[in-house]
Amino acid sequence: MADLNEMDLEGDETPDALGTVLIDDRGSLPFAMIHGEALVAAASWALGESGVLPVDLGTEWAGLVDSGEPVVLHDALCPMTPPSFLAACVSEAVEHQAVVIGVRPVTDTVKQVVDGFVGTTLDREALVRVCSPVVLPPAVVAAVDLGPTDLADLAALAASLRDRFPVRLREAPPEARRVDSLDDVAALEALTARSAEGPDGTAGVSDD
């Protein structure tokens with residue numbers, strides 16, 4: 001797994017890339033509020049701030065192939081992913097011509113279940129949770145044809161991509177975690193209340 005090295009957006013130019021924020025098959029949660037913005041708005045802000053050119057969800061995949069550029073798939077349920085992390089993932093995908101996937105370590109205890117019986121505890125250090133983004137280099141963009149069903153579950157997509165292409169896992173910062181409920185949103189809002197990067201560009205200003 002690649003180390004998390006935050007990228008200086010002013011000092012390093014992010015390669016050209018197209019991207020989209022995924023909201024389909026995620027219920028109403030992308031429209032929940034965090035720091036006064038909908039999750040989808042926060043995620044869209046981060047995507048644009050990273051230097052990625054947002055494209056409409058309705059864009060035909062063939063159009064993305066014709067662009068010859070990397071494609072960034074950013075989950076609306078990871079709304080506080082820093083722009084610098086998204087940019088770093090794009091640069092890594094271009095440099096290594098590999099799929100780059102943002103992941104978080106697994107902190108919960110995970111048990112193996114065999115034939116309905118709970119077995120041994122799995123080593124958490126060997127497990128990760130897919131969050132966001134998934135960055136596809138141009139060669140991979142040209143080799144796949146992803147539709148709404150493929151984009152509904154990034155973890156399943158990541159597993160499918162690993163079977164076909166070189167994949168690099170990049171550990172995402174804590175604020176990039178994926179939310180699955182309103183309780184998760186509230187916890188993420190508390191975590192990022194003083195973050196230096198936010199959807200309005202002012203989150204984290206000191207009260208001192």
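**A loop residue and its setting**

Mentor: Start with Asp25, which counts as exposed because its relative accessibility is 61%. Keep in mind that the model is predicted. Asp25 sits in the loop between β1 and β2, and β2 covers residues 33-34. Look at its backbone next. Phi of Asp25 is near 60°, a positive value in a residue that is not glycine. Why pick that out? Most residues other than glycine have a negative phi.

Strand β1 (18-22) gives two or more residues to the lining of the second largest pocket, and so do α2 (61-67) and α5 (148-151). That pocket has a volume of about 250 Å³. It is lined by 17 residues, and the closest to its centre are Leu57, Gly58, Thr59, Leu146 and Leu151. What classes make up the lining of the second largest pocket? There are 10 nonpolar, 4 polar and 3 charged residues.

One more backbone feature deserves a stop. The peptide bond from Ser132 to Pro133 is cis, with omega near 5°. Most peptide bonds are trans. Pro133 belongs to strand β9, residues 128-136.

Turn to the cysteines. How many disulfides does a search of the whole structure find? The count is 0. Take Cys78. The closest cysteine sulfur to its own is in Cys131, 5.1 Å away, so the gap is too far for a bond. Cys78 is buried, because its relative accessibility is 0%. Cys89 is in no disulfide either, and its nearest cysteine sulfur, that of Cys131, is 8.5 Å away. Cys89 is buried as well, with a relative accessible area of 0%.

Glu49 is partly exposed, since its relative accessible area is 44%. Follow Glu49 across to Ala87. They stand 38 residues apart in sequence, and 9.0 Å apart in space from C-alpha to C-alpha.

Now step back to the whole chain. It has 7 helices and 10 strands. Of its 208 residues, 42% count as buried.

The mean pLDDT of the chain is 82, and 77% of its residues reach 70 or more. Where is confidence lowest, and where is it highest? Strand β7 (residues 111-114) is lowest, at a mean of 40, and strand β5 (residues 71-75) is highest, at 97. Two stretches also call for care. Over residues 1-11, pLDDT stays under 50, and the model has 30 contacts there beyond four places in sequence. Over residues 200-208, pLDDT again stays under 50, with 10 contacts beyond four places in sequence.

Key
Residues numbered from 1 in each chain as written. Predicted model: local features only at pLDDT ≥ 70, side-chain atom pairs only at ≥ 80, totals over all residues. Heavy atoms only, no water. 1 Å grid on protein atoms, 1.4 Å probe; cavity = no way out; pocket = protein on both sides within 12 Å on 5 of 7 lines; lining within 4 Å. Points joined across faces, edges and corners; volume = space filled by probe spheres on them. Helix = DSSP H or I, 4+ residues; strand = E, 2+ residues; numbered from the N terminus. Nonpolar A, V, L, I, M, F, W, Y, C, P; charged D, E, K, R; others polar. pLDDT = per-residue confidence, 0-100. Contact = heavy atoms within 4.5 Å. Disulfide = S-S within 2.5 Å. Buried < 20%, exposed > 50% of the residue type's maximum accessible area, 1.4 Å probe, protein only.
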